[in-house]
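Me: I would like to go through the terms used for this model one by one, and to see each value set against its definition.

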Amino acid sequence: MGAQKLSGPDDAAESQATLSAEIEEIEASHAAAVAAGRPAETQPRLDYPPYRSSLLRHPTKDPRHADPETIELFSPAFGHRDIGILESDLTVQAGGEPIGERIKVTGRVLDGEGRPVAGQLVEIWQANSAGRYIHKRDQHPAPIDPNFTGVGRTLTGPDGSYSFITIKPGPYPWKNHHNAWRPAHIHFSLFGTEFTQRMVTQMYFPGDPLFALDPIYQSITDQKARDRLVATYNHDVTEHEFLMGYNWDIVLTGSNRTWMEEEDHD
Amino acid sequence: MTEQDLRPDSRDLTATPGQTVGPFYGYALPYPGDNELVPPAAPHSVQFHGVVYDGAGVPVPDSLIEIWQADETGTVSRQTGSLRRDGFTFTGFGRCEVDPEGRFSFSTLNPGPTEPGRPAFISVVVFARGLLNRLFTRAYLPEDAEALAADPFLSSLDPADRDRLIATREADGSLRFDIRLQGEDETPFLRFPGHVD
Ligand SMILES: [Fe+2]
């Protein structure tokens with residue numbers, strides 16, 4: 001079973017060396033542009049050929065500048081009726097304990113002015129400790145854990161804080177190129193106080209040897225920007241004989257509503 | 001905690017980078033009733049639907065669409081309950097995983113203008129495997145020609161792009177809005193102040 005080959009219509013035969021050379025070339029050209037005075041990029045490139053699935057799925061025209069209208073200056077409201085109390089602890093959602101390294105991931109969601117984003121929805125999903133998702137499209141021949149779905153939801157506190165207890169996900173293979181592996185990550189979905197702040201991203205773990213090889217992580221061409229997706233191990237969050245603690249703060253794009261005095265929620 | 005404590009100078013307030021939603025959101029982000037802002041049988045319910053295409057004109061089978069909109073009177077809902085719909089509260093938010101043929105469909109209401117004389121639209125966010133960051137766009141209602149013509153944003157676009165942001169009212173009353181990620185008929189996507197991508 002362990003030697004089973006992944007194959008499919010989008011299976012790619014290119015080597016990691018080919019991909020790594022492309023990644024390094026893009027990084028070098030970005031570094032040269034920064035050295036020549038251009039600001040460092042802070043978001044992923046949408047047009048990033050090493051991530052082969054992006055080739056036909058990135059816009060080729062520049063985004064149109066738009067000032068947010070009233071609806072875009074608000075965000076959907078979520079409340080405690082939206083979320084069950086167990087949804088932020090991914091280790092207690094089934095009949096028994098999932099296998100793997102129990103962790104807590106905690107941090108704060110801030111807007112671009114540093115203000116906490118309070119009472120907002122945070123959603124996560126992830127592979128289990130063996131690198132397998134509970135998803136019908138996941139063909140990775142690693143075991144499914146009957147006690148782990150890998151889905152969590154919570155609301156941020158008044159100070160923008162969130163916290164999940166889960167299992168450290170494993171790395172997993174994918175079909176971008178031959179022997180492609182994703183660094184271990186947790187997918188995060190975030191809302192701000194304005195719909196223009198809506199974002200989905202991935203949180204990584206410090207020191208992953210797959211970082212340099214991964215086109216999705218490397219689509220953020222600046223090292224400092226990539227580092228913003230990497231959680232920090234925090235021994236003060238680690239709990240005695242129970243779990244390992246990680247911190248990860250999230251900053252959303254700047255808030256446009258700064259200039260509006262009115263706040264009409266009840 | 002004072003306001004000052006919340007923003008020490010040393011804090012890095014550069015926006016956290018986005019990443020693709022990937023292929024495996026399907027068991028996590030969708031939820032029961034996610035695309036029913038109103039029940040399909042509700043009075044005035046409207047189907048908002050379309051297909052997501054890639055640059056080769058092929059439907060994208062692994063995309064997730066979210067919408068956020070005012071109600072028929074132009075009021076922005078502040079009601080909770082989008083994740084656990086009660087069947088009568090209009091929260092204004094919906095989510096839809098496209099089907100294997102790239103189709104999405106919401107049951108919703110025609111939004112009203114949030115200010116008199118402004119063209120009404122549905123705010124749309126697009127996520128997909130292969131798309132490294134979310135994309136924002138707008139689906140304007142086609143009826144109020146005067147408001148559409150007077151809108152400064154729409155007027156700033158070339159006419160073909162402007163037309164691509166206006167949904168089509170179909171014979172059955174539904175609103176059709178196809179999304180083309182790339183190519184000749186590429187959907188205009190939006191950049192808001194504070195966004196760098
Ligand atoms: Fe993943």
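Me: Among contacts in chain A between residues at least 6 apart in sequence, what percentage join residues at least 24 apart?

Reply: The share is 72% for chain A, where a contact means heavy atoms within 4.5 Å. The model is a predicted one, in which local features need pLDDT of at least 70 and side-chain atom pairs count only at pLDDT 80 or more, while totals for chains, interfaces and linings use all residues. Residues are numbered from 1 along each chain as its sequence is written, chains are lettered from A and ligands numbered from 1 in the order written, and side-chain values use heavy atoms, leaving out hydrogens and water.

Me: Why is chain A called as compact as a globular protein of that length?

Reply: Chain A has three helices and twelve strands, counted as DSSP runs (H or I, at least four residues, for helices; E, at least two, for strands) that are numbered from the N terminus. Its radius of gyration is 20 Å, close to the 18 Å that the globule rule gives for 266 residues, so the description applies; the radius is taken over C-alpha atoms, and the rule is 2.2 Å times the number of residues to the power 0.38.

Me: What makes β4 of chain A an edge strand?

Reply: The open sheet runs in the order β4-β3-β8-β9 in chain A, with antiparallel pairing, and β4 (151-155), like β9 (199-204), pairs on one side only. Pairing requires that DSSP finds at least two bridges between two strands, and β3 (residues 121-126) and β4 of chain A have five; I124(A) has G152(A) in β4(A) as its bridge partner.
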